[in-house]
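Hi,

Here is the structure I promised to pass on, with some notes on what turned up in it. Have a look at it first, then read on.

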Amino acid sequence: MNQAGLHKKLSEKLIAMARNHPPSSEVPSGFEQRTLARLLRHAPTLADEWGAAIRTLWCGAGVCAAVALAMGVWTSTPSAAETDTGGQFLQDLEQTIVAATGDSPANW
Amino acid sequence: MADPSDQKAGASPAEPGEAELIASVVAGEPAGFEVLMQRYSPRVFATARRYARRETEVEDIAQEVWSKAYQKLAGFRGEAPFEHWLMRLAVRTCYDFLRQHQRNREASFTDLTAAEGDWLERFAASPDGASEESEAARALVDRLLEMLSPAARLVITLLEIEDRSVKEVAQLTGWSVPLVKVRAFRARAEMKKCLRRITREHYL
């Protein structure tokens, strides 16, 4: 048998050997209890995850409410410069409306 | 004779079904998870022992598989049997283990033991006569598998040793079918190279 044939035969023999000797499926004693205890100690339960998600949403809602309140206060108490600009705007608006009304054919 | 692990995996009519157990765990009752572990740990351990030799490593892999299963259980849709879903997790965890321990492969390239060398010489003299039952032959198989790259070892184990189809390997590994074929081709070439290396000094 040539070298390539011998290698092929060896490869087949080793693979067949591995196939005929599957590894043990034995589970070490107390494995399930140890693993579960470790999981419960380290990993949060699914109920805890839901609780954490709800708490995060509540915190988010609080922050949103605070931001909305701050924006409301800020917009309702404008600075002096903004007041002047706002007054000017109101005058311009009034003039435009009055001018339009004064020019309308109904007043003729 | 029925495999005891199969008997353990199958639930009797009096025992709660998989779907009920999973629902109870998702609802926050971890006791059901212990029952799932008792049913399927033999399969997880057998899979882990294909890729890790030390018992401490095997147990670490099994713990990692169950830890992932517990964390991802809420995402289990029940479209495939729980066992298939779990075996996918197990195979992927074993692959991660092989990749993490890739540096240890160098140790496998050291010289063969005297018993392994003797077995090879007996094989060279009479290929059909060399015993498959000897400890040295089994050590040689382990050595050969340890010399392979993680992807090659996974593919050879699943395709050649466990005799699975390409489609099954694709499902277990999460690789596409063409990728499995490419990796299988490369794995066989890699195995030939490793065999040449092992047998160089034994006139094969």
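Let's start with where the two chains meet: the contact takes 39 residues from chain B and 33 residues from chain A. Two residues are in contact here if their C-beta atoms, placed from the backbone, lie within 7 Å.

Before going further, bear in mind that this is a predicted model, where local features need pLDDT of at least 70, side-chain atom pairs count only at pLDDT 80 or more, and totals for chains, interfaces and linings use all residues. Residues are numbered from 1 along each chain as its sequence is written, while chains are lettered from A and ligands numbered from 1 in the order in which they are written.

Back to that contact with chain A. On the chain B side, the elements giving two or more residues are helix 3 (31–51), helix 4 (55–72), helix 7 (135–147), helix 8 (150–161) and helix 10 (177–199) of chain B. Helix 3 of chain B gives the most, with 11 residues. By class, this side of chain B has 20 nonpolar, eight polar and 11 charged residues (Ala, Val, Leu, Ile, Met, Phe, Trp, Tyr, Cys and Pro count as nonpolar, Asp, Glu, Lys and Arg as charged, and the others, Gly among them, as polar).

Now chain B itself. It has 10 helices and zero strands (DSSP runs, numbered from the N terminus: H or I of at least four residues for helices, E of at least two for strands). Of its 204 residues, 30% are buried, that is, 20 or more other C-beta atoms lie within 10 Å of their own; 12 or fewer makes a residue exposed, and in between it is partly exposed, with C-beta atoms placed from the backbone.

Chain B is divided into domain 1 (1–100) and domain 2 (109–204), with bounds that come from an automatic or database domain assignment. Their contact takes nine residues from domain 1 and nine residues from domain 2 of chain B. On the domain 1 side, helix 5 (residues 82–100) of chain B gives the most, with seven residues.

As for confidence, chain A averages a pLDDT of 79, and 75% of the residues score at least 70 (pLDDT is the predictor's confidence in each residue, from 0 to 100). In chain A, helix 4 (residues 80–103) is lowest at a mean of 70, and helix 2 (residues 31–42) is highest at 88.

One residue to look up: Glu26(A), in the loop between helix 1 (3–20) and helix 2 of chain A. Glu26(A) counts as partly exposed because it has 15 C-beta neighbours inside 10 Å.

Cheers
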